[in-house]
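Work through the exercises below with the sequence and the structure open. Try each task before reading its solution.

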Amino acid sequence: MSKKAVVLLSGGLDSATCLAIAGSEGFECYALSFAYGQRNGCELEAARHVAASLGVAAHTLIEIDLRKWGGSALTDNIDVPDRKDLDLNSIPVTYVPARNLIFLSLATGYAEALGARDIFIGVNSVDFSGYPDCRPRFIEAFQKCATIGTKAEGEGWSFNIHTPLQTLNKAEIIKRGTALGVDYSLTRTCYNPSKEGFACGKCDSCHLRRAGFAEAGVKDPTPYA
Ligand code: ZN
C-alpha cells in the first residue's frame, strides 16, 4: 500500500510540479486547494484540471475568506504592481499575510485525519517574490510545530513537510515537471489575470514564469492578454 500525502495545489506552475514529484515518489496524493478570495480565482479551475490530469486520490477545495482582513494585492483593493515597478529588496504587496502558515495548518489537520504524515508544498526560495513564508527556516519551524501540536509527538512520529522545489530555479522546475509529464498549459500563475483568464504578462509571477520557460528551452503555453 502506498503512503498517503497531502499536496497543496494552487493551480500554478510550482504546485503542479510539486504534485507530479510527490506522485513520482510513490505517494498516494490528496490534493488540497483554497478559495481564499484571491484575485486570481481562475487558478482554482486550473487546480481542478491539474489534479485530474495527474491522477490524485482526491482533490479537496476549502473556502476561507482572507478578504475579511485583506492586506494584500491579491485579497484587497490594492493594484498588482508591474515587475518593473517593484523594489526587489522588500516584500511586495502581493504577499498574503501568513498565507502558507494558514494553508499548512489546514493541511496538517487534513493529514492527521487521513493518517498521512507527509505534506508537500511547492515553496521556492530561488525564483520567488521574497515572501517570508517560503523560506526553509519557516518550513523547518512549522514541521516541528505541526508535530508538537498534534497527536504525532505523543505517538512518537513526526510530520514531514516536503519542499522538493526549494532550491530549484524556475527553469529547473519546468524541466523537472516536463520530464514528469506535467501539462503546463493547464496551470495558471499570473497575479492579475483578465476576466477571461489571460495572464497579464507584467506582474512578477508572469515575469518569473516567462523567463523560466525561455531558460528551460520549453515552449511557454501561457495564454497572455
Ligand atoms: Zn501576470
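V218 has a relative accessible area of 25%, so V218 is partly exposed. The model used here and in every exercise is a predicted one.

**Exercise 1.** Place V218 in the chain and list what V218 touches beyond residues up to four places away in sequence.

Step 1. V218 belongs to the segment after α7.

Step 2. Leaving out residues up to four places away in sequence, V218 touches I174, T178 and F213.

Step 3. Take T178 from that list: V218 and T178 are 40 residues apart in sequence, and their C-alpha atoms are 8.5 Å apart in space.

## The zinc site

**Exercise 2.** Identify the protein donors of the zinc ion, and work out what arrangement the four donor atoms have.

Step 1. The donors are the SG atoms of C190, C200, C203 and C206, at 2.3 to 2.4 Å from the zinc ion.

Step 2. Four donors count as tetrahedral if all angles lie between 85 and 135 degrees. Around the zinc ion the four donor atoms subtend angles of 102 to 118°, so the arrangement is tetrahedral.

Step 3. Read along the sequence, the donor residues follow the spacing C-x9-C-x2-C-x2-C.

Step 4. C190 lies in the loop between α6 (170–179) and α7 (204–216), while C206 is in helix α7; the pair therefore ties together parts 16 residues apart in sequence.

Step 5. Buried means under 20% relative accessible area. C190 counts as buried because its relative accessibility is 7%, and C206 counts as buried because its value is 2%.

## Aromatic pairs

**Exercise 3.** How many aromatic pairs does the structure hold, and how are the planes of Y95 and Y131 arranged?

Step 1. There are eight aromatic pairs in the structure.

Step 2. For Y95 and Y131 the ring centres are 5.9 Å apart and the planes are at 50°, so this pair is tilted.

Step 3. The pair links distant parts of the chain, 36 residues apart: Y95 is in the loop between β3 (58–63) and α3 (99–114), and Y131 is in the loop between β4 (118–120) and α4 (136–148).

Step 4. Y95 counts as partly exposed because its relative accessibility is 21%; Y131 counts as buried because its relative accessibility is 5%.

**Exercise 4.** Describe the pair formed by the rings of F138 and F142, and say where the two residues lie.

Step 1. The ring centres of F138 and F142 are 6.2 Å apart with planes at 45°, so the pair is tilted.

Step 2. F138 and F142 are four residues apart in helix α4, which means that about one helical turn separates them.

Step 3. Both F138 and F142 are buried.

Step 4. Leaving aside neighbours within four places in sequence, L101 is in contact with D133, F138 and F142. L101 has a relative accessible area of 38%, so L101 is partly exposed.

**Exercise 5.** Find the residues that form an aromatic cluster with Y36, and the ring under the charged end of R210.

Step 1. Y36 forms one aromatic cluster with F34 and F103.

Step 2. The charged end of R210 sits over the ring of Y224, 4.3 Å from the ring centre.

## Nonpolar cores

**Exercise 6.** Which residues have the most contacts inside the largest nonpolar core, and which element gives the most to this core?

Step 1. The largest nonpolar core contains 35 residues, and L8, L104 and I119 have the most contacts inside it.

Step 2. At least two residues of this core come from each of β1 (4–8), β2 (28–35), α3 and α4. The greatest contribution is that of α3, with five residues.

Step 3. Apart from neighbours within four places in sequence, the residues in contact with I119 are V6, L104, A107, T108, A111, F159, N160, I161 and H162.

Step 4. A second, separate core has 26 residues, among them I21, A47, F120 and L168.

## A backbone angle

**Exercise 7.** Locate A98 and state its phi.

Step 1. A98 is in the loop between β3 and α3.

Step 2. The phi of A98 is near 60°, a positive value in a residue other than glycine.

Step 3. A98 counts as partly exposed because its relative accessibility is 27%.

Technical notes. Residues numbered from 1 in each chain as written. Predicted model: local features only at pLDDT ≥ 70, side-chain atom pairs only at ≥ 80, totals over all residues. Heavy atoms only, no water. Donors = N, O, S within 2.8 Å, 3.2 Å for Na, K, Ca; no water. Tetrahedral: all angles 85-135°; square planar, octahedral: opposite > 155°, others 65-115°. Buried < 20%, exposed > 50% of the residue type's maximum accessible area, 1.4 Å probe, protein only. Phe/Tyr/Trp six-rings, centres within 6.5 Å; stacked < 30°, edge-to-face > 60°. Lys NZ or Arg CZ within 6 Å of the ring centre and 35° of its normal. Core = buried A, V, L, I, M, F, W, Y, C linked by side-chain atoms within 4.5 Å. Contact = heavy atoms within 4.5 Å.
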